[in-house]
Structures are given as structure tokens and as C-alpha cells.
Amino acid sequence: FMLNTHGFVGYFDGKTETPYKMTITHPANLLGVSAMVDMDDTDTKDIFHSSKYATLVEMPLMYSKPDFTSFMVDDMEIIISVYSPTGKYTAEAITPNMETMMRAQKKFLGTFDATKKYAILLYLSDMKAQDAKGFGALEHPTSTTVVMPEMMGLEMLQEQLKDVVSHEFFHIVTPLTIHSLEIHNFDYNQPKMSEHLWMYEGVTEYFANLFQVNQDLISEEEFYKRMSGKILQSRQMNDNLSFTKMSKNVLKAPYKDEYYNVYQKGALIAMCVDILIRENSNGQKGILNLMQDLSKEYGSKKAFKDEELFEKITQLTYPAVGEFLNKYVAGDTPILYEE
């Protein structure tokens, strides 16, 4: 049972900031795994406390036959729970690769102060039963839920997990630490989108590739191949569209059809910003330094105003970076990657 709490728990108007206590009763043979702390130690009942609604709905849980591993990365506990309908895969088989990857991510990130407990909930779907309506992953501040087909071979599954889980984990940088008011005060009934998907998804996707070459998990050649693939794919989308305009309006047509470009052109925007910062600092700094500086400036409790972000980035970096963002990200000029 994969429980995304927002599908089960509601709220009363004006009571979203009220603390919640959630009790789940379950058969003794099923174990509930989540990043939350269980306040009850009986075999058939779990009690969880949450400071407010927004925190609770970011806490998915998976109840299944116990199959989990845990390990420490510095001072962070990682828990991996796996549901495999036929028992083809176990948490133990998947963990070594994940541990290598998450150690490399933490090393790459350096000083980012992340959560102390992080849960990866992997639900492998039985294609015959059609129990899942799609595949992919969702990030939360302290966990990632992943749904993949069980029929995949181990090597393919591990490759997919490496790319997918590393992308989701890097979301602890943005939007979970660095984000705008629209995300900070998210309205579930009338969602308003931020202009900066190039950062939330693009920088995240760029990091998910960059850390792999930086930490020797892939070759330089493989890294360049991935980035040139993104150039080709991004050019199949609307390359003359302002990225901030698309982002702001992404919930409605025709902009929503361009969403996939956040993982293509979004990552390329991040790469260009990285190159510009490196050029202007004689290789002393890059986009990771910028994200560290932004996290010091804002952090998870303080949001920025959409229209002020480019100016703030320019202050923290160089005029060339501000010019690039205004011309190619806010503006509708296609990026000259050859340059």
C-alpha cells in the first residue's frame, strides 16, 4: 500500500497550520516505512505527529512485507524500502549502488545541510496486474517515492534508479531550500506557478548529470553525450518561447505541452550559467557555489520574489550571468550553444 497522504487526509479552512496526529492500523505482517517517526511501538498501530498540514502531505508511507535497508551518509540516515510483487528484487540487492551514489552526491554537494532522515520508497509494479498508472518518481523534503516496472533487468533498473533518485535527491537544493513565494505558500486549490522552473527542475537535472562525471561515476564522454542529447531534444520543443513565461503559465495550454523542456533546455540553461561563472572566476567558482550562496541568502524558511531572483543572482555572480538570464531565459532568443 503506497500512501500519498494528500490522497487520504484533508484539512479545514483556516486550520492548515494546526498540528496533526495520524493513526494507521495495519496487519502485523506489513511494515510501514516513511521518513516520519512512529510514536507507537505496537505491531498493528502506527501513530505519527506532524506540525501542520503542509508537512504531513509531504510524508508518503509504504506498507508492505518488511524488506528494507538503512545506512548512514555522514550524519544522514537513508532508509530504502522495496516492494517487489514476485520477490524478484530485494532492498539488499539494490542498496550497494544506491549507497555509492548517495555518498557521491553528498560529497559533491559539500556544505548543504540536508535532512537527518531520508526515505526511498520503491514500488515495483506488476505489469500484468496493471496496478500502477505510470512510472517515475516524486520528490519530497525527506523522501522520494519511485514506481518502476518489476520486469526490468537488474542492470537497467539500477541505471534508471541512479538517474531518477539522484535527480529527486538534488531537489533538496531547489525548490526545497531555495524557492519563491508561490512555492513557499502553495495554494492547493488555486495553484500559482513560479517563473523559475529553469532552476527548480533544470539546475536539479544538470546536477544529477554533473555529479556523476564529477565523482567518476560516468566518463566525460558520456556526460557530453547526455548534454548534446538534451540540445537535440530541446530544439524539438518551442525554442523561441520565454522560459520564465512558459514556467509561470505551465498549468495551461499551450504552455503545458512544453513542460518536458524543463529537463532538457532547463538543464542546458544551468550548464550555460555554470560555464559563465567559471569563465568569469578563472575556474574558481561554478553554479554549485551560486546555489550555496542562494541557500545562505534564503534557506527553506525564507522565500524570494520571482521578479527579484535574476537581480540577486547577478549580485552574487557577474553581469554576464544577468545578461544571459535576461536575454535567453526571460527573453525569447534561442541559446547559441556553439558559443
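Trainee: How many salt bridges does the structure hold?
Mentor: It holds 14 salt bridges. Keep in mind that this is a predicted model.

Trainee: Let's take Lys162. Which residue does Lys162 form a salt bridge with?
Mentor: Glu159. The closest N and O atoms are 3.6 Å apart.

Trainee: Where do Lys162 and Glu159 sit?
Mentor: In helix H3, residues 154-170. They are 3 residues apart there, so about one helical turn separates them.

Trainee: Is Lys162 buried or exposed?
Mentor: Lys162 has 14% relative accessibility. The cut-off for buried is under 20%, so Lys162 counts as buried. Glu159 has 38%, so Glu159 counts as partly exposed.

Trainee: What about Asp163? What does Asp163 form a salt bridge with?
Mentor: With Arg226. The closest N and O atoms lie 3.5 Å apart. This pair links distant parts of the chain. Asp163 is in helix H3, and Arg226 is in helix H6, residues 220-234. They are 63 residues apart.

Trainee: And how accessible are Asp163 and Arg226?
Mentor: Asp163 is partly exposed, with a relative accessible area of 30%. Arg226 counts as buried, at 16%.

Trainee: Which residues are linked with Asp163 in a network of salt bridges?
Mentor: Glu222, Lys225 and Arg226.

Trainee: Next pair. Where do Glu182 and Lys248 meet?
Mentor: Their side chains meet in a salt bridge, 3.3 Å from N to O. This one also links distant parts of the chain. Glu182 is in helix H4, residues 181-184. Lys248 is in helix H7, residues 243-248. They are 66 residues apart. Lys248 counts as partly exposed, at 34% relative accessibility.

Trainee: Switching to overall charge. How many positive and negative side chains are there?
Mentor: The protein chain has 32 positive and 47 negative ones. The centres of the two sets lie 3 Å apart.

Trainee: Now the fold. How many helices and strands?
Mentor: 11 helices and 10 strands.

Trainee: Why does the radius of gyration agree with a compact globule?
Mentor: Because a compact globule of 339 residues would have a value near 20 Å, and the protein chain has 21 Å. The C-alpha trace spans about 60 × 50 × 40 Å along its principal axes.

Trainee: How much of the chain counts as buried?
Mentor: 51% of the 339 residues. The protein chain exposes about 16,900 Å². Carbon and sulfur atoms supply 52% of that.

Terms used
Residues numbered from 1 in each chain as written. Predicted model: local features only at pLDDT ≥ 70, side-chain atom pairs only at ≥ 80, totals over all residues. Heavy atoms only, no water. Helix = DSSP H or I, 4+ residues; strand = E, 2+ residues; numbered from the N terminus. Rg over C-alpha atoms; globule rule 2.2 N^0.38 Å. Buried < 20%, exposed > 50% of the residue type's maximum accessible area, 1.4 Å probe, protein only. Areas by Shrake-Rupley, 256 points an atom, 1.4 Å probe, with all protein chains shown as cover. Lys, Arg positive; Asp, Glu negative; His and termini not counted. Charge placed at Lys NZ, Arg CZ, Asp CG, Glu CD. Salt bridge = Lys/Arg side-chain N within 4 Å of Asp/Glu carboxyl O.
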